Amino acid sequence: MKYISTRGSAPSLSFEEVVLTGLASDGGLYVPETLPQFSHSDIEAMRGMSYQELAFTVMKPFVADALSDDELKGLIAKAYSTFRHNGIAPLVQTGHNEFILELFQGPTLAFKDFALQFLGQLLDHILKKRNQKVVVMGATSGDTGSAAIEGCRHCDNIDIFILHPHQRVSEVQRRQMTTVLDDNVHNIALEGNFDDCQNMVKASFADQSFLPDGRQLVAVNSINWARIMAQIVYYFYAALSLGAPARAVNFSVPTGNFGDIFAGYLAKGMGLPIDQLIIATNQNDILHRCISENDHSKRDLVHSLSPSMDIMVSSNFERLLFDLYDRNGASIVTLMDALKNGGGMTLGEAELAKAKTLFSSFRLDDAEMVKVIKDVFEQTEYLLDPHTAIGLEAGRRARHDHNTPMVCLATAHPAKFPEAIQKAGLSDAPLPHHMADLFEREERYQVLSNDMDAVQKFIGSHLRT
Ligand SMILES: *Cc1c(COP(=O)(O)O)cnc(C)c1O
(Lines give C-alpha, C1' and ligand atoms only; values in the text may rest on other atoms or scores of the structure.)
Protein backbone atom coordinates (compact mmCIF):
# COMPACT_ATOMS: atom_id res chain seq x y z
CA MET A 1 0.00 0.00 0.00
CA LYS A 2 1.31 3.44 -1.01
CA TYR A 3 0.32 6.76 0.57
CA ILE A 4 -0.10 9.98 -1.41
CA SER A 5 -0.34 13.64 -0.44
CA THR A 6 -3.57 15.63 -0.70
CA ARG A 7 -1.65 18.42 -2.44
CA GLY A 8 -0.35 16.24 -5.20
CA SER A 9 3.35 17.05 -5.35
CA ALA A 10 5.08 15.32 -2.41
CA PRO A 11 6.56 11.87 -3.06
CA SER A 12 4.37 8.88 -2.28
CA LEU A 13 5.46 6.95 0.82
CA SER A 14 5.32 3.43 2.22
CA PHE A 15 3.31 2.65 5.36
CA GLU A 16 6.42 2.68 7.53
CA GLU A 17 7.53 6.07 6.18
CA VAL A 18 4.10 7.60 6.56
CA VAL A 19 3.92 6.66 10.25
CA LEU A 20 7.18 8.54 10.86
CA THR A 21 6.14 11.59 8.80
CA GLY A 22 3.82 14.40 9.83
CA LEU A 23 2.88 16.83 7.11
CA ALA A 24 3.87 15.98 3.56
CA SER A 25 6.66 18.14 2.10
CA ASP A 26 4.08 19.99 -0.07
CA GLY A 27 2.07 20.89 3.05
CA GLY A 28 -0.58 18.22 2.42
CA LEU A 29 -1.73 15.22 4.45
CA TYR A 30 -1.10 11.61 3.49
CA VAL A 31 -3.96 9.28 2.50
CA PRO A 32 -3.89 5.72 1.14
CA GLU A 33 -3.66 5.53 -2.64
CA THR A 34 -6.65 3.15 -2.73
CA LEU A 35 -9.21 2.26 -0.09
CA PRO A 36 -9.39 -1.47 0.78
CA GLN A 37 -12.82 -2.97 0.11
CA PHE A 38 -14.80 -5.49 2.17
CA SER A 39 -17.73 -7.28 0.51
CA HIS A 40 -21.02 -8.11 2.23
CA SER A 41 -19.77 -11.63 2.92
CA ASP A 42 -16.37 -10.37 4.14
CA ILE A 43 -18.22 -8.26 6.71
CA GLU A 44 -20.53 -11.13 7.62
CA ALA A 45 -17.42 -13.17 8.41
CA MET A 46 -16.39 -10.48 10.95
CA ARG A 47 -19.44 -11.06 13.13
CA GLY A 48 -18.52 -12.39 16.53
CA MET A 49 -14.88 -11.30 16.31
CA SER A 50 -13.26 -9.83 19.41
CA TYR A 51 -12.17 -6.20 19.20
CA GLN A 52 -8.57 -7.32 18.69
CA GLU A 53 -9.44 -9.79 15.93
CA LEU A 54 -11.48 -7.16 14.17
CA ALA A 55 -8.68 -4.59 14.50
CA PHE A 56 -6.35 -7.03 12.78
CA THR A 57 -8.79 -7.73 9.93
CA VAL A 58 -9.63 -4.08 9.29
CA MET A 59 -6.09 -2.68 9.55
CA LYS A 60 -4.21 -5.47 7.75
CA PRO A 61 -4.83 -4.21 4.18
CA PHE A 62 -3.51 -0.72 5.08
CA VAL A 63 -0.36 -2.17 6.59
CA ALA A 64 0.08 -4.86 3.91
CA ASP A 65 3.68 -6.16 3.97
CA ALA A 66 5.10 -3.61 6.40
CA LEU A 67 4.32 -5.95 9.32
CA SER A 68 3.85 -9.73 9.42
CA ASP A 69 0.49 -11.02 10.63
CA ASP A 70 2.03 -12.02 13.95
CA GLU A 71 3.71 -8.66 14.41
CA LEU A 72 0.47 -6.75 13.78
CA LYS A 73 -1.48 -9.06 16.11
CA GLY A 74 1.15 -8.58 18.81
CA LEU A 75 0.99 -4.79 18.57
CA ILE A 76 -2.82 -4.83 18.76
CA ALA A 77 -2.80 -7.16 21.77
CA LYS A 78 -0.42 -4.87 23.66
CA ALA A 79 -2.20 -1.66 22.65
CA TYR A 80 -5.63 -2.73 23.92
CA SER A 81 -4.42 -4.65 27.00
CA THR A 82 -4.40 -1.30 28.86
CA PHE A 83 -8.18 -0.85 28.48
CA ARG A 84 -10.00 -1.63 31.69
CA HIS A 85 -13.25 -2.89 30.08
CA ASN A 86 -13.02 -6.26 28.35
CA GLY A 87 -15.42 -5.12 25.67
CA ILE A 88 -12.87 -2.38 24.79
CA ALA A 89 -15.64 -0.29 23.19
CA PRO A 90 -18.91 -1.22 24.96
CA LEU A 91 -22.32 -0.09 23.70
CA VAL A 92 -24.92 1.33 26.08
CA GLN A 93 -28.54 1.91 25.11
CA THR A 94 -30.02 5.33 25.94
CA GLY A 95 -33.27 5.22 23.98
CA HIS A 96 -35.18 3.40 21.25
CA ASN A 97 -32.62 2.44 18.63
CA GLU A 98 -30.22 4.87 20.25
CA PHE A 99 -26.82 3.86 21.60
CA ILE A 100 -23.70 5.32 23.15
CA LEU A 101 -20.39 3.78 22.12
CA GLU A 102 -18.13 4.20 25.14
CA LEU A 103 -14.71 5.04 23.77
CA PHE A 104 -13.34 6.19 27.12
CA GLN A 105 -12.28 2.88 28.67
CA GLY A 106 -8.58 3.42 27.93
CA PRO A 107 -5.90 4.73 30.31
CA THR A 108 -6.64 8.46 29.90
CA LEU A 109 -10.45 8.23 29.71
CA ALA A 110 -10.81 9.65 26.19
CA PHE A 111 -11.17 8.09 22.75
CA LYS A 112 -7.70 9.29 21.76
CA ASP A 113 -6.32 6.22 23.58
CA PHE A 114 -7.64 4.00 20.75
CA ALA A 115 -5.23 5.62 18.33
CA LEU A 116 -2.35 6.55 20.62
CA GLN A 117 -2.00 3.26 22.50
CA PHE A 118 -1.65 1.60 19.11
CA LEU A 119 0.59 4.30 17.62
CA GLY A 120 3.03 4.08 20.55
CA GLN A 121 3.41 0.31 20.03
CA LEU A 122 3.69 0.71 16.28
CA LEU A 123 6.34 3.43 16.45
CA ASP A 124 8.46 1.53 18.94
CA HIS A 125 8.30 -1.59 16.78
CA ILE A 126 9.29 0.24 13.59
CA LEU A 127 12.07 2.13 15.36
CA LYS A 128 13.58 -1.01 16.86
CA LYS A 129 13.60 -2.65 13.45
CA ARG A 130 15.35 0.39 11.98
CA ASN A 131 17.62 0.72 15.01
CA GLN A 132 16.55 4.35 15.27
CA LYS A 133 15.62 6.65 18.15
CA VAL A 134 13.22 9.59 17.79
CA VAL A 135 11.85 12.47 19.78
CA VAL A 136 8.09 12.95 20.03
CA MET A 137 7.24 16.59 20.59
CA GLY A 138 3.74 17.98 20.91
CA ALA A 139 1.62 20.79 22.31
CA THR A 140 -1.59 20.14 24.18
CA SER A 141 -4.49 22.02 25.65
CA GLY A 142 -5.71 18.85 27.34
CA ASP A 143 -6.58 15.38 26.03
CA THR A 144 -3.97 14.76 23.36
CA GLY A 145 -0.98 15.23 25.65
CA SER A 146 -1.98 12.66 28.23
CA ALA A 147 -3.00 10.11 25.59
CA ALA A 148 0.32 10.59 23.78
CA ILE A 149 2.28 10.22 27.02
CA GLU A 150 0.43 7.03 27.97
CA GLY A 151 1.03 5.73 24.44
CA CYS A 152 4.79 6.38 24.51
CA ARG A 153 5.79 5.87 28.15
CA HIS A 154 6.94 2.28 27.67
CA CYS A 155 8.67 2.87 24.33
CA ASP A 156 12.43 2.26 24.52
CA ASN A 157 13.21 4.24 21.38
CA ILE A 158 11.11 7.33 22.06
CA ASP A 159 11.71 10.34 24.29
CA ILE A 160 8.52 12.37 24.57
CA PHE A 161 8.24 16.11 25.37
CA ILE A 162 4.77 17.60 25.80
CA LEU A 163 4.24 21.34 26.19
CA HIS A 164 1.18 22.63 27.97
CA PRO A 165 0.31 26.24 28.87
CA HIS A 166 1.35 26.77 32.51
CA GLN A 167 -1.69 27.04 34.83
CA ARG A 168 -4.11 26.92 31.91
CA VAL A 169 -5.09 23.26 31.79
CA SER A 170 -7.47 21.66 34.25
CA GLU A 171 -5.98 19.92 37.28
CA VAL A 172 -7.21 16.49 36.17
CA GLN A 173 -5.68 17.00 32.76
CA ARG A 174 -2.36 18.27 34.15
CA ARG A 175 -2.08 15.43 36.64
CA GLN A 176 -2.86 12.83 33.99
CA MET A 177 0.31 14.03 32.27
CA THR A 178 2.62 15.01 35.11
CA THR A 179 2.13 11.95 37.32
CA VAL A 180 3.65 9.72 34.65
CA LEU A 181 7.20 9.46 36.01
CA ASP A 182 8.92 7.25 33.42
CA ASP A 183 12.34 8.63 32.57
CA ASN A 184 11.53 9.16 28.87
CA VAL A 185 8.49 11.34 29.65
CA HIS A 186 8.94 15.12 30.00
CA ASN A 187 6.24 17.66 30.66
CA ILE A 188 7.03 21.30 29.99
CA ALA A 189 4.71 23.91 31.47
CA LEU A 190 5.31 26.88 29.21
CA GLU A 191 4.74 30.38 30.53
CA GLY A 192 2.39 31.30 27.72
CA ASN A 193 -0.87 30.19 26.12
CA PHE A 194 -1.70 27.19 23.93
CA ASP A 195 -0.78 29.07 20.75
CA ASP A 196 2.67 29.81 22.16
CA CYS A 197 3.12 26.08 22.82
CA GLN A 198 1.98 25.19 19.33
CA ASN A 199 4.20 27.81 17.69
CA MET A 200 7.18 26.48 19.60
CA VAL A 201 6.47 22.95 18.37
CA LYS A 202 5.93 24.08 14.77
CA ALA A 203 9.18 26.06 14.72
CA SER A 204 11.06 23.09 16.20
CA PHE A 205 9.75 20.79 13.47
CA ALA A 206 10.75 23.32 10.80
CA ASP A 207 14.35 23.53 12.09
CA GLN A 208 15.50 20.40 13.90
CA SER A 209 19.16 21.38 14.11
CA PHE A 210 18.93 21.57 17.93
CA LEU A 211 18.75 17.77 18.01
CA PRO A 212 21.87 15.59 18.00
CA ASP A 213 22.80 13.83 14.75
CA GLY A 214 20.51 10.98 13.83
CA ARG A 215 17.55 12.11 15.94
CA GLN A 216 14.38 13.46 14.33
CA LEU A 217 11.05 14.75 15.60
CA VAL A 218 7.89 12.70 15.09
CA ALA A 219 4.37 14.11 15.31
CA VAL A 220 1.63 12.19 17.03
CA ASN A 221 -1.14 14.74 16.41
CA SER A 222 -4.27 13.73 14.55
CA ILE A 223 -2.77 14.23 11.10
CA ASN A 224 -0.70 11.06 11.66
CA TRP A 225 -2.25 8.49 9.33
CA ALA A 226 -1.92 5.58 11.78
CA ARG A 227 -4.23 7.36 14.21
CA ILE A 228 -7.03 7.59 11.65
CA MET A 229 -6.51 3.98 10.63
CA ALA A 230 -6.88 2.69 14.20
CA GLN A 231 -10.12 4.63 14.60
CA ILE A 232 -11.84 2.91 11.65
CA VAL A 233 -12.05 -0.28 13.70
CA TYR A 234 -14.64 0.80 16.25
CA TYR A 235 -17.12 1.82 13.56
CA PHE A 236 -17.04 -1.77 12.32
CA TYR A 237 -17.23 -3.08 15.89
CA ALA A 238 -20.35 -1.07 16.78
CA ALA A 239 -22.14 -1.66 13.46
CA LEU A 240 -21.52 -5.42 13.63
CA SER A 241 -22.96 -5.53 17.16
CA LEU A 242 -26.12 -3.85 15.87
CA GLY A 243 -26.73 -6.10 12.89
CA ALA A 244 -24.38 -5.06 10.08
CA PRO A 245 -23.99 -5.93 7.29
CA ALA A 246 -27.69 -6.88 7.09
CA ARG A 247 -28.70 -3.62 8.74
CA ALA A 248 -27.36 -0.09 8.26
CA VAL A 249 -26.32 2.11 11.19
CA ASN A 250 -26.05 5.89 11.74
CA PHE A 251 -23.21 7.54 13.63
CA SER A 252 -23.11 10.91 15.37
CA VAL A 253 -19.60 12.14 16.16
CA PRO A 254 -18.48 14.98 18.46
CA THR A 255 -16.11 16.70 16.08
CA GLY A 256 -13.07 18.96 16.39
CA ASN A 257 -10.22 18.25 14.00
CA PHE A 258 -12.36 15.91 11.85
CA GLY A 259 -10.11 12.89 12.50
CA ASP A 260 -12.65 10.72 14.26
CA ILE A 261 -15.52 11.22 11.83
CA PHE A 262 -13.17 10.93 8.87
CA ALA A 263 -12.43 7.38 10.08
CA GLY A 264 -16.20 6.73 9.91
CA TYR A 265 -16.29 8.03 6.36
CA LEU A 266 -13.48 5.62 5.46
CA ALA A 267 -15.34 2.71 7.12
CA LYS A 268 -18.32 3.51 4.90
CA GLY A 269 -16.08 3.72 1.84
CA MET A 270 -14.67 0.27 2.69
CA GLY A 271 -18.15 -1.26 2.50
CA LEU A 272 -19.63 -0.89 6.00
CA PRO A 273 -23.34 -0.03 5.62
CA ILE A 274 -23.48 3.39 7.28
CA ASP A 275 -26.49 5.53 6.45
CA GLN A 276 -25.93 8.91 8.12
CA LEU A 277 -22.68 10.36 9.44
CA ILE A 278 -23.54 13.33 11.64
CA ILE A 279 -20.95 16.03 12.38
CA ALA A 280 -21.71 17.38 15.88
CA THR A 281 -20.07 20.70 16.78
CA ASN A 282 -20.09 23.25 19.60
CA GLN A 283 -20.01 27.04 19.05
CA ASN A 284 -16.82 26.59 17.06
CA ASP A 285 -18.95 25.47 14.16
CA ILE A 286 -16.92 25.95 10.97
CA LEU A 287 -17.81 22.45 9.75
CA HIS A 288 -21.51 22.85 10.45
CA ARG A 289 -21.52 26.18 8.61
CA CYS A 290 -19.61 24.65 5.72
CA ILE A 291 -21.99 21.69 5.25
CA SER A 292 -25.20 23.65 5.84
CA GLU A 293 -24.48 26.98 4.11
CA ASN A 294 -21.12 26.64 2.33
CA ASP A 295 -19.48 29.04 4.79
CA HIS A 296 -16.03 27.71 5.63
CA SER A 297 -14.62 30.94 7.04
CA LYS A 298 -12.41 31.36 10.11
CA ARG A 299 -13.95 32.98 13.16
CA ASP A 300 -12.44 33.80 16.53
CA LEU A 301 -12.06 30.81 18.80
CA VAL A 302 -14.71 30.55 21.52
CA HIS A 303 -13.73 28.80 24.77
CA SER A 304 -16.58 26.38 25.42
CA LEU A 305 -17.43 23.79 28.06
CA SER A 306 -16.43 21.12 25.52
CA PRO A 307 -12.81 22.26 25.13
CA SER A 308 -11.58 19.31 23.09
CA MET A 309 -13.77 20.50 20.23
CA ASP A 310 -12.62 24.13 20.41
CA ILE A 311 -10.99 24.32 17.03
CA MET A 312 -10.95 27.16 14.53
CA VAL A 313 -10.07 25.10 11.44
CA SER A 314 -10.25 21.29 11.28
CA SER A 315 -7.02 19.99 9.80
CA ASN A 316 -8.31 16.59 8.67
CA PHE A 317 -11.09 18.17 6.60
CA GLU A 318 -8.46 18.50 3.89
CA ARG A 319 -8.50 14.72 3.52
CA LEU A 320 -12.21 14.80 2.72
CA LEU A 321 -11.81 17.74 0.32
CA PHE A 322 -9.25 15.69 -1.59
CA ASP A 323 -11.93 13.04 -2.29
CA LEU A 324 -14.68 15.59 -2.98
CA TYR A 325 -12.42 17.11 -5.65
CA ASP A 326 -11.73 13.71 -7.26
CA ARG A 327 -8.26 13.59 -5.71
CA ASN A 328 -7.00 16.58 -7.65
CA GLY A 329 -4.12 18.00 -5.58
CA ALA A 330 -4.08 21.31 -7.50
CA SER A 331 -7.69 22.04 -6.44
CA ILE A 332 -6.72 21.47 -2.81
CA VAL A 333 -3.76 23.84 -3.08
CA THR A 334 -6.12 26.55 -4.41
CA LEU A 335 -8.67 25.99 -1.62
CA MET A 336 -6.06 25.94 1.15
CA ASP A 337 -4.40 29.09 -0.19
CA ALA A 338 -7.78 30.86 -0.08
CA LEU A 339 -8.27 29.70 3.50
CA LYS A 340 -4.80 30.82 4.55
CA ASN A 341 -4.71 34.15 2.74
CA GLY A 342 -8.38 35.11 2.57
CA GLY A 343 -9.64 33.58 5.82
CA GLY A 344 -12.12 31.23 4.16
CA MET A 345 -12.98 28.93 1.27
CA THR A 346 -16.09 28.22 -0.77
CA LEU A 347 -16.75 24.75 -2.11
CA GLY A 348 -17.87 24.20 -5.68
CA GLU A 349 -21.57 23.43 -6.15
CA ALA A 350 -21.03 19.81 -7.13
CA GLU A 351 -18.54 19.24 -4.29
CA LEU A 352 -20.85 20.76 -1.69
CA ALA A 353 -23.70 18.57 -2.97
CA LYS A 354 -21.47 15.52 -2.57
CA ALA A 355 -20.52 16.58 0.96
CA LYS A 356 -24.21 16.93 1.84
CA THR A 357 -25.00 13.41 0.68
CA LEU A 358 -22.15 12.08 2.85
CA PHE A 359 -22.64 14.15 6.03
CA SER A 360 -25.33 15.80 8.11
CA SER A 361 -24.38 18.35 10.74
CA PHE A 362 -25.72 19.99 13.87
CA ARG A 363 -24.42 22.60 16.34
CA LEU A 364 -25.11 23.09 20.05
CA ASP A 365 -23.98 25.91 22.31
CA ASP A 366 -23.00 25.49 25.99
CA ALA A 367 -26.49 26.14 27.40
CA GLU A 368 -28.11 23.61 25.06
CA MET A 369 -25.41 21.06 25.87
CA VAL A 370 -25.80 21.48 29.65
CA LYS A 371 -29.55 20.89 29.30
CA VAL A 372 -28.87 17.63 27.46
CA ILE A 373 -26.62 16.37 30.29
CA LYS A 374 -29.32 17.24 32.79
CA ASP A 375 -32.26 15.76 30.85
CA VAL A 376 -30.51 12.54 29.92
CA PHE A 377 -29.41 12.01 33.52
CA GLU A 378 -32.95 12.58 34.77
CA GLN A 379 -34.40 10.11 32.28
CA THR A 380 -31.78 7.37 32.34
CA GLU A 381 -29.31 8.11 35.18
CA TYR A 382 -26.60 7.98 32.52
CA LEU A 383 -24.05 10.76 32.91
CA LEU A 384 -22.72 12.20 29.64
CA ASP A 385 -19.52 14.16 29.27
CA PRO A 386 -20.04 17.51 27.48
CA HIS A 387 -18.61 16.35 24.13
CA THR A 388 -20.79 13.25 24.10
CA ALA A 389 -23.85 15.30 25.06
CA ILE A 390 -23.36 17.38 21.93
CA GLY A 391 -23.02 14.23 19.87
CA LEU A 392 -26.13 12.61 21.30
CA GLU A 393 -28.38 15.61 20.80
CA ALA A 394 -27.01 16.25 17.30
CA GLY A 395 -27.84 12.64 16.47
CA ARG A 396 -31.37 13.02 17.78
CA ARG A 397 -31.98 16.21 15.80
CA ALA A 398 -30.31 15.25 12.56
CA ARG A 399 -31.38 11.62 12.08
CA HIS A 400 -33.93 10.92 9.34
CA ASP A 401 -35.03 7.41 10.13
CA HIS A 402 -35.79 5.98 13.57
CA ASN A 403 -35.68 2.41 12.30
CA THR A 404 -31.97 2.73 11.73
CA PRO A 405 -29.93 2.51 14.95
CA MET A 406 -28.14 5.70 15.87
CA VAL A 407 -24.79 5.38 17.62
CA CYS A 408 -23.26 8.38 19.33
CA LEU A 409 -19.54 8.12 19.97
CA ALA A 410 -18.78 8.89 23.65
CA THR A 411 -15.40 10.55 23.31
CA ALA A 412 -14.62 11.16 27.00
CA HIS A 413 -15.51 10.02 30.52
CA PRO A 414 -17.62 12.58 32.42
CA ALA A 415 -15.10 12.72 35.30
CA LYS A 416 -12.72 14.57 32.99
CA PHE A 417 -15.00 17.58 32.61
CA PRO A 418 -16.57 18.39 35.99
CA GLU A 419 -17.43 22.00 35.09
CA ALA A 420 -20.18 21.06 32.65
CA ILE A 421 -21.56 18.45 35.04
CA GLN A 422 -21.73 21.06 37.83
CA LYS A 423 -23.48 23.51 35.50
CA ALA A 424 -26.12 20.83 34.94
CA GLY A 425 -26.71 20.80 38.72
CA LEU A 426 -25.38 17.25 39.10
CA SER A 427 -22.68 15.89 41.36
CA ASP A 428 -19.30 15.12 39.83
CA ALA A 429 -18.66 11.70 38.40
CA PRO A 430 -16.03 9.86 40.47
CA LEU A 431 -12.77 8.99 38.74
CA PRO A 432 -12.57 5.27 37.89
CA HIS A 433 -10.73 3.06 40.39
CA HIS A 434 -7.38 3.04 38.66
CA MET A 435 -7.25 6.84 38.92
CA ALA A 436 -8.93 7.36 42.25
CA ASP A 437 -5.62 8.45 43.85
CA LEU A 438 -4.71 10.87 41.02
CA PHE A 439 -4.71 13.84 43.36
CA GLU A 440 -2.27 12.20 45.78
CA ARG A 441 0.26 11.07 43.18
CA GLU A 442 3.68 12.64 42.81
CA GLU A 443 3.99 15.09 39.92
CA ARG A 444 7.01 16.02 37.84
CA TYR A 445 7.16 18.89 35.33
CA GLN A 446 9.40 21.73 34.35
CA VAL A 447 8.17 25.31 34.13
CA LEU A 448 10.00 27.14 31.33
CA SER A 449 9.72 30.66 29.98
CA ASN A 450 8.27 31.20 26.52
CA ASP A 451 11.71 31.07 24.98
CA MET A 452 12.70 28.76 22.14
CA ASP A 453 16.28 28.44 23.26
CA ALA A 454 15.34 27.39 26.79
CA VAL A 455 12.90 24.75 25.53
CA GLN A 456 15.29 23.32 22.96
CA LYS A 457 18.17 23.22 25.47
CA PHE A 458 15.91 21.40 27.92
CA ILE A 459 15.05 18.83 25.27
CA GLY A 460 18.66 18.41 24.17
CA SER A 461 19.84 17.75 27.71
CA HIS A 462 17.10 15.21 28.56
CA LEU A 463 17.49 12.73 25.71
CA ARG A 464 18.40 9.18 26.65
CA THR A 465 21.46 7.79 24.95
C1 LIG B 1 -10.13 15.10 20.44
C2 LIG B 1 -11.52 15.05 20.97
C3 LIG B 1 -12.64 15.29 20.14
C4 LIG B 1 -12.52 15.70 18.70
O5 LIG B 1 -12.05 14.66 17.86
P6 LIG B 1 -11.51 14.99 16.39
O7 LIG B 1 -10.95 13.71 15.88
O8 LIG B 1 -10.47 16.04 16.57
O9 LIG B 1 -12.67 15.47 15.58
C10 LIG B 1 -13.91 15.17 20.71
N11 LIG B 1 -14.07 14.86 22.02
C12 LIG B 1 -13.02 14.63 22.83
C13 LIG B 1 -13.28 14.32 24.26
C14 LIG B 1 -11.71 14.71 22.35
O15 LIG B 1 -10.67 14.48 23.18
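So, how do strand S3 and strand S4 run, and how many bridges join them? Strand S3 (residues 91–95) and strand S4 (residues 98–102) run antiparallel, with four bridges joining them. Strands here are DSSP runs of E, at least two residues, and helices are runs of H or I, at least four, numbered from the N terminus. Strands count as paired if DSSP finds at least two bridges between them.

Quick housekeeping: this is a predicted model, where local features need pLDDT of at least 70 and side-chain atom pairs count only at pLDDT 80 or more, while totals for chains, interfaces and linings use all residues. Residues are numbered from 1 along each chain as its sequence is written, and side-chain values use heavy atoms, leaving out hydrogens and water.

Back to that hairpin: two residues sit between S3 and S4, and Asn97 in the turn has a positive phi of about 55°. Gly95 stands opposite Glu98.

Next, the open sheet. Five strands go in the order S8-S5-S6-S7-S15, with parallel pairing. S8 (217–218) and S15 (446–449) are at the edges with a single partner strand each, so one side of each has no neighbour in the sheet. S5 (residues 134–139) is joined to S8 by two bridges, and Val136 stands opposite Val218.

Last stop, Asp366, in helix H15 (residues 366–380). Asp366 is buried, yet has no salt bridge. Buried is under 20% relative accessible area, with a 1.4 Å probe and protein chains only; a salt bridge needs a Lys or Arg side-chain nitrogen within 4 Å of an Asp or Glu carboxyl oxygen. The nearest side chain of opposite charge, Lys423, is 6.9 Å away. Instead, look at Leu305: the Asp366 side chain reaches its backbone nitrogen at 3.1 Å.

Technical notes: Buried < 20%, exposed > 50% of the residue type's maximum accessible area, 1.4 Å probe, protein only. Lys, Arg positive; Asp, Glu negative; His and termini not counted. Polar contact = N/O pair within 3.5 Å; in protein donor to acceptor, adjacent residues only side chain to side chain.
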